[in-house]
Amino acid sequence: MIDRVIADRPARRSPRIRGHERRLLPIGQPKPRQAPPGGWKVACRCGWQALAPTPTRARSEALYSQHVAEARSQELPICAHCQQQKPRADMSKGSPHLCKPCRNAATRAWAEANPSQWERNQRRSYLRRKYGMTEADYDALLEAQGGLCAICGGPPGDSRGFRPHIDHCHKTGRVRGILCNLCNQGLGGLRDDPEILRSAIAYLLRHREAA
């Protein structure tokens, strides 16, 4: 028998969500500093209630927390910028409080206001994502090559705006060096195959001697 209903505000450790409020129902008349003889039954203002009483208040708290977590996972989030409810798939992963259109607009605005920092951030992200390198790793590798292409010994960049290329093994992903655009294209055109390279060298020497 339920002697009384305690409809209190959620405890500080209990999660809160709009439309939900914890209600603890002691079953039986509890003695001072003792749990109710029939245990506790937990319910929510939304109409949810636990299937069976629990022996401790802590267990009731855990059941209510689980209920609120499930309710929150089903509730549509609200974008902090446009204040519209959006499906979770439309929310930004990097900034979960913003929807994707608002996050993209904010990113574009920041990039236009800070072009040099944006380019540097993109460069850092590219090096880390594709090669597992930092800017310091890249600078150290280029310095070890004397600031020049590792094959032809020329400047790794050129007047057409081509940046130095990071050469890597396409099978293992291991970075081999930094090349100029022409040398990088040459290796790719010869399929990174030493035998083809030797054949190409012999071909050039043979025709040079014939000339």
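The backbone oxygen of Leu148 lies 2.9 Å from a polar atom of the Gln145 side chain. This is a predicted model, in which local features need pLDDT of at least 70, side-chain atom pairs count only at pLDDT 80 or more, and totals for chains, interfaces and linings use all residues. Residues are numbered from 1 along each chain as its sequence is written, and side-chain values use heavy atoms, with hydrogens and water left out. The protein chain has six helices and four strands. Helices (H or I, at least four residues) and strands (E, at least two) are DSSP runs, numbered from the N terminus.

**Overall fold**

- Along the sequence, the protein chain reads β-β-α-α-α-α-β-β-α-α.
- Of its 211 residues, 28% count as buried. Buried means under 20% relative accessible area, exposed over 50%, and partly exposed in between (1.4 Å probe, protein chains only).
- Among contacts between residues at least 6 apart in sequence, 29% join residues at least 24 apart. Contact means heavy atoms within 4.5 Å.

- Gln145 is found in the loop between α4 (135-144) and β3.
- Gln145 counts as buried, at 19% relative accessibility.
- Leaving aside residues up to four places away in sequence, Gln145 touches Ala150, Gly177 and Ile178.

- Strands β3 (residues 165-168) and β4 (residues 175-179) run antiparallel and are joined by four bridges. Two strands pair if DSSP finds at least two bridges between them.
- Ile166 stands opposite Ile178 in β4. Ile178 is also one of the residues that Gln145 touches.
- Six residues lie between the strands of this hairpin, where Gly173 takes a positive phi near 80°.

**Helix α5**

- Helix α5 covers residues 181-189, and its buried residues are Asn181, Cys183 and Leu187.
- An α-helix has 3.6 residues a turn, so residues three or four places apart point the same way.
- Arg191 follows α5 and has a positive phi, near 60°.

**Cysteines**

- The whole structure has zero disulfides. A disulfide is a pair of cysteine sulfur atoms within 2.5 Å.
- Cys82 is in no disulfide, and the nearest cysteine sulfur, that of Cys79, is 3.6 Å away. Cys82 is partly exposed, with a relative accessible area of 26%.
- Cys183 is in no disulfide either; its nearest cysteine sulfur belongs to Cys180, 3.6 Å away. Cys183 is buried, at a relative accessible area of 15%.

**Aromatic rings and charges**

- The structure holds one aromatic pair. The rings of Tyr126 and Tyr131 have centres 5.7 Å apart and planes at 85°, so the pair is edge-to-face.
- Rings of Phe, Tyr and Trp (its six-membered ring) pair if their centres lie within 6.5 Å; planes under 30 degrees apart count as stacked, over 60 as edge-to-face and the rest as tilted.
- Tyr126 is partly exposed, with a relative accessible area of 30%. Tyr131 counts as buried, at 13% relative accessibility.
- The charged end of Arg57 sits over the ring of Trp40, 5.5 Å from its centre.
- The charged end of Arg123 sits over the ring of Tyr138, 4.9 Å from its centre.
- A charge sits over a ring if NZ of Lys or CZ of Arg is within 6 Å of the ring centre and within 35 degrees of the ring normal.

How values were computed
A polar contact is a pair of N or O atoms within 3.5 Å; within protein, one must be able to donate a hydrogen and the other to accept it, and residues adjacent in sequence count only if both atoms are side-chain atoms.
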